[in-house]
Amino acid sequence: MRKRLIDQVSRLVLSSFLMLFTLTVFAEETAGDPAKGKSLFNSNCASCHKLDKKVVGPALAGITEKRDAEWLFSWIRNNQELRESGDADAIAIFEEYNGSVMTNFPQLSDEDITNILAYTDAAPAPKVVPVERGSGSASASEDTSYTNLYILGAVLLVLVLLLAKIKNTLKQVKGDPASTLIEEADVMTRTALKNPRIVTMLVLLVAIILLQQSYVAMVAVGITQDYQPEQPIKFSHRIHAGDNKIDCNYCHYGARKSMVSNIPSASVCMNCHTYIQEGAETGTEEINKIYAAVGFDPEEGKYIEDYEEQPINWVRIHDLPDLSYFNHSQHVTAGNVKCQTCHGPVEEMDEVYQYSPLTMGWCVNCHRETEVDVKSNAYYSDMHEKLKEKYGADAKITVDMIGGLECGKCHY
Amino acid sequence: MAENKKYWRGVEELTDSNLTQELSAKEFPTEIPTDEFLGNKEALEESSTSRRDFLKYMGFSTAAATLAACETPISESIPYVIAPEEIIPGVANYYATSFYDGHDFASILVKTREGRPIKVEHNKMAAINGGANARIHASVLNLYDATRMQSPMVNGEKADWSTVNKTVKAGLDAAEAGGKQIVMLTSTVISPSAQKLINEFGAQYSNFKHVSVDAFSFSGKLDAHKAASGTRALPLYHFNKAKVIASFGADFLGDWIGQSVAGDYATTRKPGKGMSRHIQFESNLSLTGSSADKRYKLTPTEMNTALVALYNELSGSSLAGGKTNFSNEIKSLAKELKAAGNEALVVSGSNNKDVESLTIAINQLLANEGTTISNDHHNLLRKGNDTAFNSLVADMNAGSVGAVLMDNVNPVYHFANNDKVMAGLKKVKTSVYFTEKNDETAQVVSVVCAKHNFLESWGDAMPATGHYALQQPTIQPLFDTKQMEDCLMAWSGNDGDYLDYMKANWGVGILGSSDWSTALHDGVLMSTTAPVMEEAATETESSEEEMEVETTGMDVSASASNLSKIKGAALELAVYQKSAMGTGNLANNPWLQELPDPISRVTWDNYLTVSAADALELGIENRNVSNGALNGSKVNITVNGKTIEGVPALIQPGQAKGTMGLALGYGRQGVGKVADAVGVNAFALMKDAQHTAAITVDVAEGEHEFACTQLAHTMMGRKIVNETTLDTFLNESPSNSRGDGWNQKVEYATFKGPMAADEVNLWDDFDHETGHMWNMSIDLNMCNGCGACVIACHAENNVPVVGKEEVRKSRDMHWLRIDRYYSSDMTEEVAEETGVSSFAKFDKMEDPSASPDVFFQPVMCQHCNHAPCETVCPVAATTHSNEGLNHMAYNRCIGTRYCANNCPYKVRRFNWFQYHDGSKSEFDINYSMNDDLGRMVLNPDVTVRSRGVMEKCSLCVQRIQLGKLEAKKAGRPVKDGDVTTACQSACDTGAISFGDVNDHNSEVFELKKDKRMYHLLEEVGTQPSIFYQTKVRNRA
């Protein structure tokens, strides 16, 4: 509890500090916006260029010092044209990189290019301390309710103390011997314990509380909501799906076609990480784990021959019991359900946790509320006519109306 | 009450008063052996565990268990490092391949999940043998048999392949240097590439021979065809063009000459004007005989004379030996055959050359060449030569063979003179045996080459002229094994691998204008221009004989006189193949062992089938014991001078008097704990590769315990299998006012007037108009009882195997059973005419007649729309779906078994034990669930059920859901044929149709309106989603 409060406070402090920092940067740089440049760089240039290292193309840090802006503008827009115009520098670079052609970017505006160049000029950004997972709205409300409870308790305690004081004062006024609060309580308990009714009530109360608590505990067996295990690679969905906006289906391609949404193979990671060899937050440490799995030498930029591949043992988070059949493609492709509906804001998660309870009640509830798109899918055309007769022309057709609550749809 | 009256609770009390006294004294008839334990003072004193210790341990283990339970185990999810392009986890891939084990051949599709083959499906593109039988459906489990040979062996020691290569090469060189024969012994080779390879291999040696031999030989038959047409090959039969079929002992729906004809046959069995007529002459009651319109019981000797008589009748000649007791039957058959002309077909099942010569002559008289028989295209699945094999055995014993290489054969098990084979093999210096099992032959050879399973091998096949098929691996080899072809290439100094060799071979002549990838994708290729397959290198000795045969041609009168010389014995044995076992190649397969024989319904056994009349004479008895299980006498049998003791005897209705049957493929040794010591080896009894012989039988001591899944033989006059004749079907209306129509609808008198059984409702109906309504139609005219559907169901739905003891207790778990009923001589009509009393009538109705009609009826959960099971479940574990299915939620089930009790069809199965618990030794025979390797065959889409829950047919709900999902994803309605059940797609004859009756374009919608349609036990008003089509026999 206390940790959370501290977290919140520290986060506040940190973010205001960051804000201040960025403001300072803004003040200094007037030529372009390196923040915008960074995102442009990541989406357009990062597959072949790095700031500090030669990859497919040359390292770009401090490129503005080497070349003048005008040259850079025309090279970026259309390097081929520049070469054909007989520009010696352009031809030299082309030959240096074994005639590999750089993509033309005619779509980039002057401002865009200025921003990118500003980014290449900016000193490497300070490593941001990974922020712990933002507490969702649920935990936030939980926090406040507990805080309220503590405040209430404190107020009550003060009240009791106050009343005891008043009572004592009154007693003193009456001339009776004063008694401490503890003595008072002691007498009261003794009298109460002699009363069989009160004892019975107490016993019953305790029993009921125990039963209720054990019921809650039993029901929760096997529910692993909020399960957030440590993974072998500190892979951040926030960076990939959030910042870089990679479609979930790019890596988890099975979700559209298959019952399982596959954990991507390291070979899928390599599509980008052949070139992106350094992470913004963890440097090379985590990305090297991919290379170790597939046998890739980042220095040489080549796969090691006859390498024995090392599987990556990810820890499974969403583990539905075998007795229930769940098909991703049914929901993703046929039902057009967003990944986030069940998996939560994955694009904000650094470490993924189980967002939904994955209980049958949770499934059933969604099946009761979710409307089926019977109009645009020809599969439902005949069924839809019949459903209109049954429920009316404008009725909202939910999954349960077409048999989505039947046992044998998921249990076989 | 008067004192002189005495009451007794049962006949037992009256006859044996001691018994009841005893029973009343003790509640449990068997004693609980407490004394044995507590009375043994020594043992008790020796044990050092005191009461205190016991409590300590118990306390500790309880605490430990509690603590251990606190932490949820971490499960990992390990993706491929490099994802294979073709695999999406969770999506099945299908590969076209071929099955061939030297006996069965089929072009099939293999379903794989995440790289594991889990199911066999039919290859519908194949023009020949595209339908797998029960054995081939089960073969996928043999891949995961942990008792397979896991590495090669040299002289009984585990070895590596380089040692094997060295030893074999040295052996071959020594044989060549010593001037001795080098022999390749195989089953019929149907692979053109392998044949080419064997010929090339042989060409290196000066004295090389290639001998092919078939386990169930048709060598005599082949010789007859050689004499008749000059080619030693069997013709292709076109049953789909036959109007009248006469079969003399040919079980062509079960096992015959390798060509699968059941599908073709079924196309002519649709009731109507063009329905074919099928007359069967046979000794054992076979699948084919059961489907026949008319069946005659003959001894094998009588069959010979009947055939001569038929020839005489058709040709007008009077050859000797045509005197038969069946002259009237033969006369009318001849008339029918003549009338059908070239649309008639006569086939025989014998391996006697003379019998086949006569059959050929009869077919020539009918001039059916080009319609029902084709000699342009040959069946190439049986080419074995017994003469060559016998001379090989003689040569081996004479010591003139220096090396022998064997593939796809198991000579020590499969051949009658196995002692000679064994002695011969021991004399051969280098004997190399390719096998998947450490079986009978493996024990006596010097080099055992552990062989790939067919699912791990490359290969090709030419099952018939112009029909090609390919075999491709569907999984990496599980063990350190190799295929024969790769070894042969290595030994002949050829460096490449067999795949390249085969590709090159296909490129030269077979592919023609098509390309390799398409052929591999399809698995089959029809080629008209392709050259004929290379002939096997024949040895010199037999060619002289063959020359002679050619010059003499076919001499019918000589054949007839040869046949007339065969004198029948008092008792004759005819060996046969069960649809589950065949020649026993896949014997170590629990699915097959537990598949009930379609006729006898016995599992886990072979036995001597005896007619009731012979049983009475010999004193053979069958009886049901108190829990209903079947016990039978044991007999000692002597055939061809060989005796087997303690063979169980089963009284078989429909068995010809004077004949007995014994199934092949049992009595295996060394193939694994499933098959070893099950049954007796019938191969060992036979001589000269004939399928019949004289037999003598003595009743032996003791009783055999059968595991039989069906105890009732007859329908007791009820409409369970509805049957009618073609005449009635064509000329009368199914229902009439007299109430005796051939498919009379059941009606009830209600206050609203007479109402059909499916209209009288106690409950509200479900809405069956909206969405799908899955229905299944089972055509009893098409079903021949083969059992492929039962195995397909096992594989698809992870149905457990329970073992013989449990089957005896009627605890078999088959979701789909094929009930078999015999007709009885006693019927309601007969009783009325003869004035038999009601008691006597029902008593006699239980007995099947001596020549019964046989009915097969596949029964699975009927998916009642007013299901009796659903209303009695206290926890709503079994519920109804709006698509007409009866759902079963295993995790909800608490095992009251009320549902099974209330089911009128008895299709619910209860898990009495944890059949998939590897630690329970009694079920570990079921390796499909009990070891890590075997479990790879399980279908990951279907739950493996736990102890204490009920299960039953789900109508393959996982396939339905998948079919719907694919349609939804593609944004189109479900088409007829998008969803198939496992049993439906395994059915070669199309007896099972499945679909959505709310889709008015579906086949099943039409079938539901058919006048043959009826529901099983319609009168109970369960309104099932499964319906049957009346069986129609083509007889007046």
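Colleague: Which residues of α13(A) meet α14(A)?

Modeller: A contact just means two C-beta atoms, placed from the backbone, within 7 Å. In α13(A), Ala266(A), Ser267(A), Cys269(A), Met270(A) and His273(A) do the touching, and in α14(A) their counterparts are Ile287(A), Ile290(A), Ala293(A) and Val294(A). By class that contact holds seven nonpolar, two polar and no charged residues (Ala, Val, Leu, Ile, Met, Phe, Trp, Tyr, Cys and Pro count as nonpolar, Asp, Glu, Lys and Arg as charged, the others, Gly among them, as polar). Bear in mind that this is a predicted model: local features need pLDDT of at least 70, side-chain atom pairs count only at pLDDT 80 or more, and totals for chains, interfaces and linings use all residues. Residues are numbered from 1 along each chain as its sequence is written, with chains lettered from A and ligands numbered from 1 in the order in which they are written.

Colleague: At what angle do α13(A) and α14(A) pack?

Modeller: Helices here are DSSP runs of H or I, at least four residues, strands are runs of E, at least two, and both are numbered from the N terminus. Axes are lines fitted to C-alpha atoms, for helices over the stretch in contact, with angles from 0 to 180 degrees between N-to-C directions. Helix α13 (residues 266-273) and helix α14 (residues 285-294) of chain A pack at about 125°, axes 10 Å apart. That makes the pair oblique (under 35 degrees is roughly parallel, over 145 roughly antiparallel, 65 to 115 roughly perpendicular, the rest oblique). The crossing of α13(A) and α14(A) is left-handed: the near helix is turned anticlockwise from the far one by less than a right angle, while clockwise would be right-handed.

Colleague: How many residues of chain A are in contact with chain B?

Modeller: 47 residues of chain A are in contact with 40 of chain B. Elements giving two or more residues to chain A's side include α13 and α14 again, plus β3 (314-315) and α18 (381-391). The most comes from α18(A), with six residues. That side of chain A has 22 nonpolar, 16 polar and nine charged residues.

Colleague: In what sense do β3(A) and β1(B) pair?

Modeller: Strands of a sheet pair through backbone hydrogen bonds, either parallel or antiparallel. Pairing takes at least two DSSP bridges. β3(A) and strand β1 (residues 76-77) of chain B are antiparallel over two bridges, and Trp314(A) sits opposite Ser77(B).

Colleague: How many residues of α9(B) are buried?

Modeller: Buried means 20 or more other C-beta atoms within 10 Å of the residue's own, exposed 12 or fewer, partly exposed in between, with C-beta atoms placed from the backbone. In helix α9 (residues 219-229) of chain B, nine of the 11 residues are buried, so the helix is largely enclosed by the rest of the structure. Among them are Leu222(B), Asp223(B) and His225(B). α9(B) is followed by Gly230(B), with a positive phi near 90°.

Colleague: How do α9(B) and α14(B) cross?

Modeller: Their axes come within 7 Å and cross at roughly 45°, so α9(B) and α14(B) are oblique to each other. The crossing is right-handed. From α9(B), residues including Gly220(B), Lys221(B) and Ala224(B) meet Lys353(B), Glu356(B), Ser357(B) and Ile360(B) in α14(B). That contact has four nonpolar, three polar and four charged residues.
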